[in-house]
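Colleague: I want to learn how to read helix packing and ring pairs in a model. Can you take me through a case?

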Amino acid sequence: MTVIQKPPTTIPKRGDETQKNKLDYSALTDLACVLLTLVTIKQLLLPYSILLAGPASTLSAMIVSTWLLKYRGTSWSDLGLRKPKSTVKTLALSVLVFFTIAVVANAASWLSDPFLEDVGTSGRFDFIRGNLLAYLGMLVLIWTHGSVFEELLFRAFLITRAAVFLGGGFKSEILAILFASTFFGYRHYYYQGLKGAFITGTIGLALSLLYLWFGKKNIWPLIIGHGVVNTISQTTRFLGLKGD
């Protein structure tokens, strides 16, 4: 009886020479499916809604990636979405993520100021100023699309599958996070311009490094820290304290 083994779904260990440096085309197929979903759905919906095109594409990609993980015999828990062993440590790491985003965003903005035009968010969120119902709806999007979905897709899934495709090991992980971070920046270009793409891409790079550090075991600090940053940003906008 012949046993068909499914391809690896997690990053091979750096000392595992049986998997290292072997291109895994099943992982490339997974990446292509998710990236195609993200790009196609967003582009199809952009002419109708600049607000919902992004969230709709991430929701669609989450459905596709969840099915792909199940098909490969794994799940999101294998990529870090599991119950934390320590609530205190999770909250402490969430604070670290929060300040990392703040510091990196300001540094990237300062570096790009002389060269790139700041278009803010192109009025995408103007409608929530003073509008409580719109603000509450935005909080729902923040804690689904803007934190959970983005961290699972652009950190956990893209990094893991890209590193598996490249064969695992340190070089594969570095190339994977550069790819994931670049795509994360591109995802924000359509309403934040080149400067916004650079800033979000740089933030994505920092978050990707944190994912390799602790996120593969516990991605919740990345989700929480990211969500808190977005919540503060939209709250100041709702209160009229922040402009575009």
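Modeller: We start with confidence, then go through helix pairs and aromatic rings.

Colleague: What is the mean pLDDT of the chain?

Modeller: This is a predicted model. The chain has a mean pLDDT of 91. Of its residues, 91% reach 70 or more. Residues 1-7 fall below 50, and this stretch has 6 contacts in the model beyond near neighbours in sequence. Residues 13-19 also stay under 50. For residues 13-19 the model has 7 contacts beyond four places in sequence.

Colleague: How is a pair of packed helices described?

Modeller: By two values: the angle between the axes and the distance between the axes. Take helix α3 (residues 87-112) and helix α8 (residues 220-238). Their axes come within 8 Å and cross at roughly 50 degrees. That angle makes α3 oblique to α8. The crossing of α3 past α8 is right-handed.

Colleague: Which residues of α3 and α8 meet?

Modeller: From α3, T90, L93, S94, V97, F98 and I101. From α8, the list includes W220, P221, L222, I224 and V228. By class, this contact has 11 nonpolar, 4 polar and no charged residues.

Colleague: At what angle do α5 and α6 pack?

Modeller: Helix α5 (residues 145-165) and helix α6 (residues 170-187) pack at about 145 degrees. Their axes are 8 Å apart. The crossing of α5 and α6 is right-handed. On the α5 side, E150, F154, R155, L158, I159, A162 and A163 take part. Among their partners in α6 are E173, A176, F179, F183 and R187. The contact of α5 with α6 counts 11 nonpolar, 1 polar and 4 charged residues.

Colleague: Are α1 and α6 roughly parallel or roughly antiparallel?

Modeller: The axes of helix α1 (residues 25-45) and α6 come within 12 Å and cross at roughly 10 degrees. Angles under 35 degrees count as roughly parallel. Therefore α1 and α6 are roughly parallel to each other. L31, L35, L38, V39, K42 and Q43 of α1 make the contact with F179, F183, Y186 and R187 of α6. The classes here are 7 nonpolar, 1 polar and 2 charged residues.

Colleague: And rings: how is an aromatic pair described?

Modeller: Use the distance of the centres and the angle of the planes. A search of the whole structure finds 11 aromatic pairs. One of them is F125 with Y191, an edge-to-face pair. The centres are 6.1 Å apart, with 90 degrees between the planes.

Colleague: Which parts does the pair of F125 and Y191 tie together?

Modeller: F125 lies in the loop between α3 and α4 (132-142), and Y191 lies in helix α7 (residues 189-215). So the pair ties together parts that are 66 residues apart in sequence.

Note on methods:
Residues are numbered from 1 along each chain as its sequence is written. This is a predicted model: local features need pLDDT of at least 70, side-chain atom pairs count only at pLDDT 80 or more; totals for chains, interfaces and linings use all residues. Side-chain values use heavy atoms; hydrogens and water are left out. Axes are lines fitted to C-alpha atoms, for helices over the stretch in contact, and angles run from 0 to 180 degrees between N-to-C directions. Helices (H or I, at least four residues) and strands (E, at least two) are DSSP runs, numbered from the N terminus. Angles under 35 degrees count as roughly parallel, over 145 as roughly antiparallel, 65 to 115 as roughly perpendicular and the rest as oblique. A crossing is left-handed if the near helix is turned anticlockwise from the far one by less than a right angle, and right-handed if clockwise. Contact means heavy atoms within 4.5 Å. Ala, Val, Leu, Ile, Met, Phe, Trp, Tyr, Cys and Pro count as nonpolar, Asp, Glu, Lys and Arg as charged, and the others, Gly among them, as polar. pLDDT is the predictor's confidence in each residue, from 0 to 100. Rings of Phe, Tyr and Trp (its six-membered ring) pair if their centres lie within 6.5 Å; planes under 30 degrees apart count as stacked, over 60 as edge-to-face and the rest as tilted.
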